[in-house]
Amino acid sequence: MQDDAPPPLEIVLITGMSGSGKSVALNALEDAGFYCVDNLPPELLLQFVELEQKHQARRVAIAMDVRSATSLPLVPHQLATLRSRGIGVKSLFLDANTDTLVRRYSETRRKHPLSQSDANHGEQDARRALVDAIELERKLLAILREDAHIIDSSIIRAAQLQGYVKALISTPLEQLTLVFESFAFKRGVPTDADYVFDVRMLPNPHYEPALRHLTGRDAPVIEFLQAQPDVDLMLHHISHFLENWLDALARDHRSYVTVAIGCTGGQHRSVYLVERLAQRFGSEWVALKRHREIDAL
């Protein structure tokens, strides 16, 4: 007998800092076939989902932001309720550092939703008021950030962000997803990292003229790094750490774990190690790769 039961509803909740790229993420989900709703009040979440189920919706994306601050504490319990009903829920939190958010607001001349600054205030006072509004927003959204997968949009392009979102929503709900991310320390540590490993002490292909303009995905750089005992030892140490703790993280109902590997330029050593780690763990876990610096080229 054929099972005619419809597939369960899939929901993606997009939250995060104002100016961090929530609209870009929502557009990526719309391109992927999701029905998207922006700025849904949390009080209406359960009723809205019930309505979409009656309409036999399959993929719904919902954006919430600090404009619903007074009711945001309701959301974690509501998400747990939805999951208990067999509804697949993924929660993504878009973040960016304060300097980036201030610059974006200055460039667009938008007003932050929590800003109380007067248009007659001087530039310095206006910046201070904006920073205060951003820090207040961080506190109000902390309850949502805690249980979500975080994407740091501080120094990535809109196309990169869209790619990250689409990759994340394609992963299975019931399995822990590992995100391996290479980055350059000179451009800052990703705020979305659960674990950060510094590999700047390893031999650097940058100082080999023939390798300088290549990346850790190119064969000559791979051969150079594979010949370095310290690189292999670092790979072993990181792998051993993850092998010891991934099962415990999965039992703790973690959906995503981001492992960031940083070197000076984010081009050679960190890229090589991310590629190797994703290959090593991809046979047992869902493993995604991000190369923050070279993906932006």
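What follows is a short chat about the sheets, a few residues and the salt bridges.

Me: Before we dig in, what kind of model is this?
Reply: Local features here need pLDDT of at least 70 and side-chain atom pairs count only at pLDDT 80 or more, while totals for chains, interfaces and linings use all residues, since this is a predicted model. Residues are numbered from 1 along each chain as its sequence is written, and side-chain values use heavy atoms, with hydrogens and water left out. So, in a word, the model is predicted.

Me: In what order do the five strands of the open sheet sit?
Reply: Strands here are DSSP runs of E at least two residues long, and helices are runs of H or I of at least four, both numbered from the N terminus. Two strands pair if DSSP finds at least two bridges between them. The pairing in this open sheet is parallel, and the order is β2-β3-β1-β4-β5.

Me: Which strands stand at the edges of that sheet, and why is one side of each left without a neighbour?
Reply: An edge strand has a single partner strand, so one side of it has no neighbour in the sheet. That is the case for β2 (35-38) and β5 (149-152).

Me: By how many degrees are neighbouring strands of this sheet turned against each other on average?
Reply: Axes are lines fitted to C-alpha atoms, for helices over the stretch in contact, and angles run from 0 to 180 degrees between N-to-C directions. For this sheet the direction is ignored, and the average turn is 20°.

Me: Which residue in β4 is the bridge partner of I11?
Reply: Strand β1 (residues 10-16) and strand β4 (residues 88-95) run parallel and pair over seven bridges. Look in β4 for the partner of I11 and you'll find V89.

Me: At about what angle to β1 does helix α1 run?
Reply: Helix α1 covers residues 22-31 and lies across β1, β2, β3 (59-63) and β4. Its angle to β1 is about 165°.

Me: Which backbone oxygen does the side chain of K90 reach?
Reply: K90 is found in strand β4. This lysine is buried (under 20% relative accessible area; exposed is over 50%, partly exposed in between, with a 1.4 Å probe and protein chains only), yet it has no salt bridge, and the nearest side chain of opposite charge, E10, is 4.7 Å away. For charges, Lys and Arg count as positive and Asp and Glu as negative, with His and the chain ends not counted. At 3.0 Å, though, the K90 side chain reaches the backbone oxygen of L168.

Me: Which residue in β9 is the bridge partner of T177?
Reply: β6 is joined in parallel to strand β8 (residues 256-263) by eight bridges, with F180 partnered by V259. Six bridges join β6 to strand β9 (residues 286-291), also running parallel. In β9, the partner of T177 is V286.

Me: How many salt bridges does a search of the whole structure find?
Reply: A salt bridge puts a side-chain nitrogen of Lys or Arg within 4 Å of a carboxyl oxygen of Asp or Glu. One of them joins R85 to E50, with the closest N and O atoms 3.5 Å apart. R85 lies in the loop between α3 (75-84) and β4 and E50 in helix α2 (residues 45-54), so this pair ties together parts 35 residues apart in sequence. The search finds 15.

Me: Which residue forms a salt bridge with R138?
Reply: R138 is partly exposed, at 23% relative accessible area. Its partner is buried at 3% relative accessibility, and the closest N and O atoms are 2.9 Å apart. R138 lies in helix α5 (residues 123-145) and the partner in strand β4, so the pair ties together parts 43 residues apart in sequence. That partner is D95.

Me: With which residue does the side chain of R290 make a polar contact of 3.4 Å?
Reply: R290 is found in strand β9 and counts as buried, at 3% relative accessibility. A polar contact is a pair of N or O atoms within 3.5 Å; within protein, one must be able to donate a hydrogen and the other to accept it, and residues adjacent in sequence count only if both atoms are side-chain atoms. The side chain joined to R290 this way belongs to D192.

Technical notes:
Contact = heavy atoms within 4.5 Å.
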